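Biologist: Please show me the model. I have some questions about it.

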Amino acid sequence: MIISTSDSARTERAILAWSLAGLAAFAVLPWRALDYGLFDALPSELWDAVGWRVADWLPWLPTVVLAVLAVRPWRAAAPALAYRIDAALGGAAILALLAGAKIWGVPLGLAAAIQITALGAIAALAAARLGYVQGDGFMTGSILLIAGLIAAFILFPLSTILIRVVVDFKTGEFTPFRFFEIVMSPGFGRALWNSLVLAIAVAVSTTILGLVFALYATRATARFRGLIRIFSILPIITPPFVVGLALILIFGRSGTINDGLLALFGSGGLLVPEGGSGWFQRSGYIYGFWGIFLAQTLAFTPVSYLVLHGLFGTISPSLEEASLTMRASDWQTLRHVTFPLLRPGIANAFLLSVIESLADFGNPLILGGDYDVLSTEIYFSIVGARLDYARAGALGLTLLAVSLAIFVIQNRWIGRKSYVTVTGKGGGGHLMPLPSWMQNSCGVVVYAWIAFTAVLYGSIFMGGLVANWGADYTPTFTHHAELWAAGLNYGGWPSYLNTLKLALIAAPLTAVLGILIAYVTTRKRFVGRGLVDFGAMLSFAIPGTVMGVSYILAFNVPPIQLTGTALILVVSFIFRNMPVGIRTGVSALSQIDKSLEEASLTQRAGSLRTIISVVLPLLRPAIISASVYSFIRAMTAFSAVIFLVTAQTNVATTYILARVERGNYGVAVAYGSVLILTMLIVSMLIDHFVGRSRVQRRVALAGGNA
Amino acid sequence: MIATAASVGIRLQGVTKVFDTNTVIDNIDLTIRSGSLTTLLGPSGCGKTTILRLIAGLETATSGQIWIGDQDVTALSASHRDVAMVFQSYALFPHMTVGENVGYGLKVQNVPRAERDERVAKALADVGLAGFGPRYIDQMSGGQQQRVAVARALILQPKVMLFDEPLSNLDTKLRRSMREDIRELQQKTGITSVYVTHDQSEALAVSDEVVVMDAGRIAQIGTPEDLYRRPGSAFVATFMGEANILDATVERQGATLVVGIGGARLELADARPGLPEGEAQVAVRPESIRLVAEGRVQGPAGTVKACAYVGAATEYEIECAGAGVFAIVPAGQPVFGPGSRVTLAIDPVGVAVFAETGRPAA
Ligand SMILES: Nc1ncnc2c1ncn2[C@@H]1O[C@H](COP(=O)(O)OP(=O)(O)O)[C@@H](O)[C@H]1O
Ligand SMILES: [Mg+2]
């Protein structure tokens with residue numbers, strides 16, 4: 001019985017330590033949230049917010065429970081009973097505290113967070129002693145933490161949207177039919193229809209282009225593969241609407257094409273008879289469906305390319321060789337062997353593009369004109385004078401339902417049908433080259449694309465270096481000077497540095513949380529895994545605008561009051577980009593034999609030790625690349641943060657948008673080009689250190705854009 | 001090398017394991033003697049690995065209790081059970097050297113560096129790998145990796161050692177010598193060991209006791225000889241070596257059992273209580289069947305369908321009363337070609353009557 005006793009002693013010591021930590025937090029740290037956030041508060045404000053100085057009994061509730069847990073009057077009882085009491089008390093105190101804070105409107109602060117953590121840790125330790133998760137205290141604690149975070153930052157915010165739709169905010173009346181009223185209201189059906197049409201059109205074009213690219217990159221001459229790679233990575237590191245801006249520079253009302261046509265065919269144009277009125281007038285044709293379509297095709301093709309490219313790599317050349325030895329021609333082999341094998345991947349790329357297009361907000365916002373889609377409708381329901389949260393909520397729920405449905409289809413249906421992955425290693429052999437007509441036509445598409453992208457990005461970089469694109473092409477540094485030369489507190493610096501700081505804080509947290517979720521959901525069996533799985537899946541499907549709306553609704557009132565702080569931005573980065581970490585983690589873990597961890601456990605290492613000594617070293621590349629891509633996505637985040645920023649916490653994308661809205665395209669693209677360069681440098685550095693193919697694979701896994 | 005500390009037994013009481021809705025281990029009671037090497041033997045998928053993982057604490061039992069010595073470990077995590085395991089895939093850490101792999105458990109226990117190095121060197125020497133410490137795992141052959149895994153398991157002097165098909169990744173020749181080495185180490189240390197295999201000859205060679213499993217239940221427990229000579233069911237008879245399952249009549253006559261097979265009357269010295277009488281099925285080992293020309297002796301008659309010369313013996317397939325019978329006849333006996341009519345002369349030593357009926361092993 002020696003081990004068992006020392007085990008209990010260890011658990012009891014840990015419970016004591018956590019109780020004391022919770023009590024200490026009560027004694028010295030601010031228990032209530034501070035109005036301006038922790039770092040901007042005065043010392044006296046901090047002091048007044050400390051638990052025992054707050055004129056409220058709520059802080060005493062968890063404190064008394066923690067004090068009782070420190071003493072454990074039931075310690076002499078049978079262990080099974082004693083641990084049940086610990087777990088129940090810890091859990092009940094958390095729920096009571098949250099309910100109390102909600103009912104009496106007390107915003108919870110740092111000390112309260114520590115106390116909740118302590119109560120949760122105690123409950124987890126006790127639950128582990130009762131046999132939960134194979135008696136593993138650390139794992140139980142992690143699972144509880146993950147479940148708590150998912151509940152607080154995904155499920156709870158979404159539930160507030162739902163409540164806002166079915167309960168009238170002012171009168172508190174229950175309005176069950178409100179959702180249907182909003183759905184039937186003018187404009188709603190059109191936005192839904194527009195979104196779907198756009199998403200399907202974009203998905204068709206990106207899938208075809210992605211396929212062409214992937215075919216060309218894997219089977220044609222190797223000469224331009226590096227170039228293809230760069231061009232396919234570019235849109236991933238580009239802020240979501242900067243491509244849209246470039247399209248405006250080229251195709252907009254005063255864009256290059258309009259100017260050119262005007263110069264040729266407009267009034268007094270070169271090709272117009274002297275004195276004629278000309279056949280061409282300035283046109284805003286780029287605004288609307290075709291503009292968004294073009295911008296999204298540019299933005300999402302790389303994702304579809306990377307998905308398909310990854311798949312091509314897994315097809316064993318021996319399958320094609322087998323077909324060729326049966327006297328099939330190259331074309332017959334492609335048609336009857338290669339494409340059928342690719343079919344699930346093609347469907348996968350298609351559905352991913354649909355989800356991306358539905359969620360995209362930046363491009364429709366800039367280029368949409370009067371082509372409204374769900375994501376922009378959500379935004380316009382809230383900004384300005386309307387402030388119609390019910391409508392925004394109903395739109396958001398609809399958008400979420402559609403993305404979630406497609407995501408479920410993609411996951412379940414494609415996940416099962418993917419036979420490519422089971423064929424395993426290829427075992428040598430050569431991939432068949434394309435029939436020459438195919439190779440040529442693919443080449444034309446690929447180089448046309450590259451040329452077009454080059455023009456677009458050229459216009460982004462040039463646009464920031466000329467006086468006034470479309471009117472005055474004098475080279476100048478005024479835009480950059482305005483942004484970067486006015487000191488760190490002016491121009492672009494505050495938002496740039498703020499974005500950099502928040503993204504750097506969020507990135508490692510995102511990677512760690514995502515990989516931890518991947519770890520517990522793929523490696524552990526426990527009661528409540530369904531909830532974690534479901535929350536993780538929601539995080540994959542939730543569009544940024546929906547998240548933004550849900551966060552303002554959820555976090556501008558106690559118990560978790562975060563509106564206006566930088567913390568809410570960090571939180572939104574983390575939960576928005578969590579899928580990156582989860583995907584990377586799942587794929588990296590699938591490469592690591594589970595018995596390595598089990599071997600460590602049977603070597604008397606606890607699970608924390610196992611993770612540190614065995615799992616982390618093997619996962620290091622995955623953690624690095626997940627961090628990098630979380631960083632990039634946080635730097636370019638837009639659709640959720642636009643709802644959450646304030647003048648103090650402005651980020652790069654919202655700053656650029658503000659300049660666009662004021663018509664300062666020169667400044668906007670100047671900023672955009674600096675942002676692109678920043679991320680290009682970061683990703684190339686990482687590419688260099690972590691290794692090429694790996695980063696590329698991770699990008700494919702990371703998918704999407706903000 | 002390692003003091004034979006008071007070794008302890010293992011006890012499973014009413015252990016059941018259900019994955020989703022699939023009952024993989026069905027209410028098993030099993031006692032493993034302290035200091036013994038017990039094998040779990042059974043066809044693939046019958047739950048052997050699952051039992052091992054339940055003992056190790058890598059799976060939680062759906063119901064029932066597991067005892068190691070006098071301690072109920074059912075709710076204890078793997079790292080607190082004092083159990084070491086040699087995995088089928090070896091599970092050696094690829095980012096550590098051989099020495100670091102073997103010393104991992106010591107490092108976890110905060111054993112000082114000097115003592116650790118010393119014990120690692122000794123453990124490696126014990127498995128015949130002295131001097132291999134600084135190498136990385138991918139620089140070792142399969143057999144060497146196997147030895148590293150054994151050294152890593154032994155170094156903590158655990159109460160219980162678990163082996164999950166440790167030889168399945170080795171070639172036949174290496175398998176033979178490795179199993180002897182494992183047996184020897186186990187005897188020397190006296191650590192209670194459970195050894196999983198689906199290979200009956202391996203089980204017979206290394207074990208003190210064999211537990212034959214069938215679809216999540218225990219089919220029979222016994223010494224290797226017991227199981228071979230006195231299988232309790234058709235399943236065990238066919239799984240432990242080859243056996244013909246034939247219809248027979250059984251009659252108890254004092255201390256002997258008289259078995260009638262197709263006119264032959266065989267007297268078996270085995271007359272344990274509980275064996276059936278009347279119509280029954282019996283197992284007949286192929287090497288206990290001799291062939292004689294038809295009519296020379298009393299016994300079941302048949303026709304040779306095929307015969308194959310395999311060096312030390314001739315193998316026959318005989319059609320006998322509508323059933324196929326397999327016989328192995330040592331070289332030097334008369335040979336019968338296909339189509340010959342023969343009578344089977346059966347040596348009672350190779351005949352077993354079952355206490356229970358059951359399907360033969362697939
Ligand atoms: N983690 C698991 N989840 C679901 N089923 C499992 C799991 N592990 C094993 N099984 C099932 O339990 C049965 C027994 O498995 P196992 O103990 O590995 O068999 P053996 O080692 O005897 O070949 C198999 O049918 C297997 O599919
Ligand atoms: Mg097995």
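This is a predicted model: local features need pLDDT of at least 70, side-chain atom pairs count only at pLDDT 80 or more; totals for chains, interfaces and linings use all residues.

Modeller: Residues count from 1 along each chain, chains are lettered from A and ligands numbered from 1 as written, and side-chain values use heavy atoms, without hydrogens and water.

Biologist: In what order do the 4 strands of the open sheet in chain B stand?

Modeller: Strands are DSSP runs of E, at least two residues, numbered from the N terminus; helices are runs of H or I, at least four. Two strands pair if DSSP finds at least two bridges between them. The pairing in chain B is antiparallel, and the order is 2-1-4-5.

Biologist: Which strands of chain B stand at the edges?

Modeller: An edge strand here has a single partner strand, so one side is left without a neighbour in the sheet. That holds for strand 2 (22–32) and strand 5 (71–72) of chain B.

Biologist: Is B:Gly64 buried, partly exposed or exposed?

Modeller: B:Gly64 lies in strand 4 of chain B. Buried means under 20% relative accessible area and exposed over 50%, with partly exposed in between (1.4 Å probe, protein chains only). At 29%, B:Gly64 is partly exposed.

Biologist: How far apart in space are B:Gly64 and B:Asn27?

Modeller: In sequence, B:Gly64 and B:Asn27 are 37 residues apart. C-alpha to C-alpha, the distance is 7.6 Å.

Biologist: What is the relative accessible area of A:Trp52?

Modeller: A:Trp52 lies in the loop between helix 2 (43–48) and helix 3 of chain A. A:Trp52 is partly exposed, at 38%.
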